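Please take a moment with the sequence and the model shown here, and then follow the description from the whole chain down to a single residue.

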Amino acid sequence: MYIHIGEDLNIRAKDIISILDKESANQSPLVKEFLKQQSERVINLSKNPYKSVIITYDKVYLSPIASGTLKKRSNQLSIHEF
């Protein structure tokens with residue numbers, strides 16, 4: 001199944017490692033360091049300040065969609081898969 005993460009981009013749900021909200025990402029020194037190290041793989045999908053960070057196996061996305069909304073979408077997909 002695919003999840004819409006913003007800007008007409010859908011990614012496979014099984015490729016997602018983690019979804020973080022912006023505040024959690026900004027407060028954690030480890031996440032800040034990770035984002036610095038992965039800067040060439042970061043894709044900003046938001047024209048305004050981003051609301052969530054989506055980490056996949058090959059890229060990191062800064063999404064304009066809130067992490068709670070993405071979680072709801074992933075739960076809906078799980079229900080419909082069966």
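A residue is called buried when its relative accessible area is under 20%, exposed when that area is over 50%, and partly exposed in between. In this predicted model, 32% of the 82 residues of the chain count as buried.

The chain forms three helices and six strands, which follow one another from the N terminus in the order β-β-β-α-α-β-β-β-α. The radius of gyration is 12 Å, close to the 12 Å that the globule rule gives for 82 residues, so the chain is as compact as a globular protein of that length. Taken along the principal axes, the box filled by the C-alpha atoms is roughly 40 × 20 × 20 Å. Among contacts between residues at least 6 apart in sequence, 49% join residues that are at least 24 apart.

We can now turn to one residue in a loop. Ala66 lies in the loop between strand S6 (60–63) and helix H3 (67–81). Its relative accessible area is 31%, and because this value falls between the limits of 20% and 50%, Ala66 counts as partly exposed. Apart from its neighbours within four places in sequence, Ala66 is in contact with Lys51 and Ser52. The C-alpha atom of Ala66 is separated by 9.1 Å from that of Val53, a residue 13 residues apart from Ala66 along the chain.

Definitions and conventions
Residues are numbered from 1 along each chain as its sequence is written. This is a predicted model: local features need pLDDT of at least 70, side-chain atom pairs count only at pLDDT 80 or more; totals for chains, interfaces and linings use all residues. Side-chain values use heavy atoms; hydrogens and water are left out. Helices (H or I, at least four residues) and strands (E, at least two) are DSSP runs, numbered from the N terminus. The radius of gyration is taken over C-alpha atoms; the globule rule is 2.2 Å times the number of residues to the power 0.38. Buried means under 20% relative accessible area, exposed over 50%, partly exposed in between (1.4 Å probe, protein chains only). Contact means heavy atoms within 4.5 Å.
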